Amino acid sequence: MAETVSPCSPRGQCQPSMGANTSSANLDANASSSVVGGSAWRGREPFSIFTVLVLTLLVLLTVATFLWNLLVLATILRVKAFHRVPHNLVASTAVSDVLVAALVMPLSLVKELSAGRRWRLGRELCLVWVCFDMLCCTASIWNVTAIALDRYWSVTRQLQYTLLARRRISNVMIALTWLLSAAISLAPLLGWGETYSPEQERCQLSQEPSYTIVSTGGAFYLPLCVVLFVYWKIYKASKFHMGVRRRNAVVPLPEAAQD
């Protein structure tokens with residue numbers, strides 16, 4: 001009698017179940033590959049027109065900032081008449097803006113191009129970017145404050161604030177500006193907060209509350225208050241001098257009085 005294989009026998013059950021498992025495994029593999037491929041394709045999608053326009057604008061702004069401030073520096077260095085106050089303060093401001101355009105803005109553009117604005121350039125470049133960002137921006141703001149103070153003293157202390165005194169005081173203000181900016185920018189490197197997170201691929205200024213208060217106050221609010229106060233005093237002094245000139249002006253007599 002020939003041996004027949006029943007569908008309920010162990011060998012009969014094994015073959016159809018293997019086929020079902022194989023087919024389901026293939027379906028799962030195809031589904032997962034389609035999901036992975038779709039996500040990969042979405043990651044490689046081209047930029048939108050709006051994004052391209054924004055990036056083009058940022059590139060043009062970076063190049064214009066660099067070239068304009070470089071032109072200001074070249075003009076001050078070449079023209080001897082500009083080798084005096086307040087042009088040294090303007091030159092210091094131009095140096096800080098050139099550094100911003102050369103070192104800070106390109107790395108910021110790379111960060112904007114990355115998916116999710118993640119930082120993928122390593123810890124060293126993150127520290128360089130954060131330090132120069134804080135250093136140059138703070139120096140630029142304080143240089144503007146120094147220019148405002150120079151104008152205030154030249155208006156209110158015309159006799160005491162001679163050219164020699166202006167040159168000395170301006171050099172001191174430039175030195176203090178860069179020293180203060182360096183102290184604020186280098187503080188995170190000495191352990192005051194953390195700027196780089198490798199797990200989240202994040203690079204930003206230290207979020208330590210005490211450092212945020214000190215850096216924000218020293219780099220923005222304090223110079224803002226000084227500039228507003230100084231220009232208000234300049235306005236008051238100019239208004240006072242205009243009143244004095246009007247009172248001391250010679251008024252011609254009317255024709256009837258001359259007859």
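**Figure 1. Secondary structure of the protein chain.** The protein chain contains seven helices and two strands; helices (H or I, at least four residues) and strands (E, at least two) are DSSP runs, numbered from the N terminus. Along the sequence, these elements follow the pattern α-α-α-α-α-β-β-α-α. This is a predicted model, in which local features need pLDDT of at least 70 and side-chain atom pairs count only at pLDDT 80 or more, while totals for chains, interfaces and linings use all residues. Residues are numbered from 1 along each chain as its sequence is written, and side-chain values use heavy atoms, with hydrogens and water left out. Of the 259 residues in the protein chain, 27% are buried; buried means under 20% relative accessible area, exposed over 50%, and partly exposed in between (1.4 Å probe, protein chains only). Among contacts with a separation of 6 or more, 69% are between residues 24 or more positions apart, a contact being heavy atoms within 4.5 Å.

Figure 2. Helix α2 covers residues 49-78, and its 30 residues should span 44 Å at 1.5 Å a residue. The expected span is 1.5 Å times one less than the number of residues. Leu55, Thr62, Asn69, Leu73 and Ile76 are the buried residues of α2. These buried residues pack against α3 (87-113).

**Figure 3. The packing of helices α3 and α4.** Two packed helices are described by the angle between their axes and the distance between the axes. For α3 and α4, the angle is about 150° and the axes are 8 Å apart. That makes α3 roughly antiparallel to α4. Axes are lines fitted to C-alpha atoms, for helices over the stretch in contact, and angles run from 0 to 180 degrees between N-to-C directions. Angles under 35 degrees count as roughly parallel, over 145 as roughly antiparallel, 65 to 115 as roughly perpendicular and the rest as oblique. The crossing of α3 past α4 is left-handed, a term that applies if the near helix is turned anticlockwise from the far one by less than a right angle, with right-handed used if clockwise.

**Figure 4. The disulfide between cysteine 126 and cysteine 203.** One disulfide is found in a search of the whole structure, where a disulfide is a pair of cysteine sulfur atoms within 2.5 Å. The bond joins cysteine 126 to cysteine 203, with an S to S distance of 2.0 Å. This pair links distant parts of the chain, 77 residues apart: cysteine 126 lies in helix α4 (residues 122-156) and cysteine 203 in strand β2 (residues 202-203). The torsion about the S-S bond is about 100°, so the disulfide is right-handed. Cysteine 126 is buried at 0% relative accessible area, and cysteine 203 is buried at 1%.

**Figure 5. Cysteine 136 and cysteine 137.** The sulfur of cysteine 136 has its closest cysteine sulfur in cysteine 137, at 6.8 Å, which is too far for a bond. Cysteine 136 is buried, with a relative accessible area of 0%, whereas cysteine 137 is partly exposed at 33%.

Figure 6. Threonine 138 lies in helix α4 and is buried at 1% relative accessibility. Not counting residues up to four places away in sequence, threonine 138 touches Ser181, Ile184 and Ala219. Alanine 146 also lies in helix α4 and is buried, with a relative accessible area of 4%. Leaving aside neighbours within four places in sequence, alanine 146 is in contact with Leu89 and Met173. The C-alpha atoms of alanine 146 and proline 86 are separated by 9.3 Å, although these residues are 60 residues apart along the chain.
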